[in-house]
Amino acid sequence: MNSITGGPAISQQRIVRTQIPGPNSLKLQNRRAEAVTSAIPSVLPIYVTAAGGGILVDADGNQLIDLASGVGVSTVGNANPKVVEAVTRQINAFTHTAFFVTPYEGYVEVCEKLNSITPGTHAKRTALFNSGSEAVENAVKVARKATGRQAIVVLEHAYHGRTNLTLAMTAKAAPFKLGFGPLASEIYRVPASYPYRDGLSGEEAATLVINAIESRIGATEVAAIVVEPIQGEGGFIVPAPGYLTALQSYAHTNGILIIADEVQSGTGRTGDWFASEHEQIVPDLMAIGKGVGGGLPLSAVTGRAELMDAVQPGGLGGTYSGNPAACASALAAIAEITDNGLLEAARKIGETAISRFATAQKLPGSPIGDIRGRGAMIAIELVLPGTKTPAPDLARAAARLCHEQGVLVLVTGTHGNVIRLLPPLVIGQDLLQDGLDVLIEALSIATAQTLGENK
Ligand code: PLZ
């Protein structure tokens with residue numbers, strides 16, 4: 001195998017050969033500055049040449065531990081050999097027809113699979129798209145058409161995408177929304193459940209939503225309430241138990257649909273196929289993306305048959321939607337999750353990370369305010385020790401130290417003070433432990449520095 005082969009051919013160890021980013025990456029970074037818009041910066045500008053398992057290899061031969069999975073996409077491992085094989089077979093046969101012009105079996109099979117692995121035993125139908133934003137946007141189209149209503153209720157801390165409609169649904173202004181108005185109308189924001197910060201029970205938090213709908217919108221105007229069962233970009237916020245079930249029962253009493261945006265939390269990430277299962281809700285419509293495509297762009301809306309079929313023929317589509325190679329990739333990825341026990345692996349990753357963080361949190365002066373998430377979607381919220389004051393500088397500094405040591409972590413959250421882990425589910429325990437060692441050490445160094453500066 002040659003040096004740019006991904007998959008498990010790459011040794012599963014962290015190797016830091018140069019400064020990170022190293023000289024070759026820096027050279028490419030200079031070239032990029034002349035060619036690529038500055039509106040799209042990179043979290044860590046190491047230029048990747050190969051990846052597999054839990055490792056990213058860069059242009060300087062460094063091997064970084066991947067605790068990001070390209071934001072939750074390479075769930076079954078980068079360049080997973082079964083995925084590569086399936087995609088290769090497909091692209092040798094044909095690459096594109098446009099499903100709405102002349103169809104193919106792979107598309108149908110992905111829809112069958114999603115209908116069977118999503119929550120609920122009711123009759124379902126699925127439509128395929130390319131990105132998570134597109135899936136969310138189409139779920140809203142279906143909800144409006146099927147209910148004949150316009151208002152869409154979204155939560156504080158939500159992230160739903162970057163298209164005009166989904167940007168209106170996304171909560172955070174900077175950097176996502178600034179200067180891009182006017183954004184889509186008929187989007188109403190209501191309180192989320194954020195147990196660490198609001199201290200409310202699920203019932204209490206849901207009551208705030210219901211009151212807001214009744215007083216500001218009117219239940220009969222609302223087509224759907226859109227929820228991320230675990231909020232992703234918002235900071236891996238797990239709602240208080242009972243919050244989502246209370247919203248669901250209110251919604252269903254009032255002819256309102258529940259749309260679950262499982263773009264980040266879905267397809268095995270949390271140790272169930274979908275995070276909705278753990279929250280005991282059965283969404284009417286689901287937006288699915290990221291990991292489902294096995295690394296190729298694929299997304300889906302899966303929902304109740306009568307809702308999905310309420311749209312006029314030709315009302316949904318897209319040239320590339322459900323591209324044959326992406327379908328082949330998705331089928332192989334879903335099979336990998338089943339065949340290799342990756343739901344169980346996700347839970348194990350969660351247990352390992354949570355127990356390491358719990359130990360670190362007990363140390364005097366720890367900045368870890370909250371540890372949360374499920375399965376391989378785990379985060380720590382950082383605060384000034386002894387307070388709940390968000391510590392975004394500390395999060396940034398700790399992440400930078402991790403990057404320099406060859407561990408890729410991402411910072412997120414409404415306050416920019418959450419470090420999140422989204423490793424591939426195939427990451428080995430040794431590699432994961434090494435990554436956690438580096439992160440926990442980075443936290444204590446960054447805390448000492450930050451506190452030193454505050455004196
Ligand atoms: N819904 C819940 O997490 C994408 C955004 C990265 P697309 N999250 C990562 C960035 O800064 O652009 C996401 C999500 C949830 C929808 C989306 C949108 O998915 O595939 O990025 O369009």
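Contact here means heavy atoms within 4.5 Å. Helices (H or I, at least four residues) and strands (E, at least two) are DSSP runs, numbered from the N terminus. The structure is a predicted model, in which local features need pLDDT of at least 70, side-chain atom pairs count only at pLDDT 80 or more, and totals for chains, interfaces and linings use all residues. Residues are numbered from 1 along each chain as its sequence is written, and side-chain values use heavy atoms, with hydrogens and water left out.

**Helix packing**

In helix α4 (residues 105–117), G106, Y107, E109, V110, K113 and L114 touch C327, A330, L331 and I334 of α12. The contact comprises seven nonpolar, one polar and two charged residues; Ala, Val, Leu, Ile, Met, Phe, Trp, Tyr, Cys and Pro count as nonpolar, Asp, Glu, Lys and Arg as charged, and the others, Gly among them, as polar. Helix α12 spans residues 324–339, and its axis lies 9 Å from that of α4 at an angle of about 35°. Axes are lines fitted to C-alpha atoms, for helices over the stretch in contact, and angles run from 0 to 180 degrees between N-to-C directions. The crossing of α4 over α12 is left-handed, meaning that the near helix is turned anticlockwise from the far one by less than a right angle.

Helix α9 (residues 243–253) has Y243, L244, A246, L247, Q248, Y250 and A251 as its buried residues, where buried means under 20% relative accessible area, exposed over 50% and partly exposed in between (1.4 Å probe, protein chains only). Their cover includes β5 (151–155), α8 (202–217), β7 (222–227) and β8 (257–261). After α9 comes G255, with a positive phi near 70°.

**The sheet**

Seven strands form an open sheet of mixed pairing, in the order β4-β10-β9-β8-β7-β5-β6. Its edge strands, β4 (124–129) and β6 (187–190), each pair on one side only. On average, neighbouring strands are turned by 20° against each other, direction ignored. Two strands pair if DSSP finds at least two bridges between them. The antiparallel pairing of β4 with β10 (residues 299–304) runs over six bridges, and R125 has G303 in β10 as its bridge partner. Helix α8 packs on the sheet and touches β5, β6 and β7, its direction making about 140° with that of β6.

**Salt bridges**

A salt bridge is a side-chain nitrogen of Lys or Arg within 4 Å of a carboxyl oxygen of Asp or Glu. The model has twelve salt bridges by this rule. Three of them are listed here.

| Pair | N to O distance |
|---|---|
| E85 and R89 | 3.3 Å |
| R374 and E279 | 2.7 Å |
| D370 and R372 | 2.9 Å |

E85 and R89 are four residues apart in helix α3 (residues 81–93), which puts about one helical turn between them. E85 is partly exposed at 45% relative accessibility, and R89 is exposed at 54%.

The side chains of R374 and E279 also meet in a salt bridge. R374 belongs to strand β11 (residues 368–374) and E279 to the loop between α10 (275–278) and β9 (285–288), so this pair ties together parts that are 95 residues apart in sequence. R374 is buried at 18% relative accessible area, and E279 is buried at 9%.

D370 and R372 are both buried.
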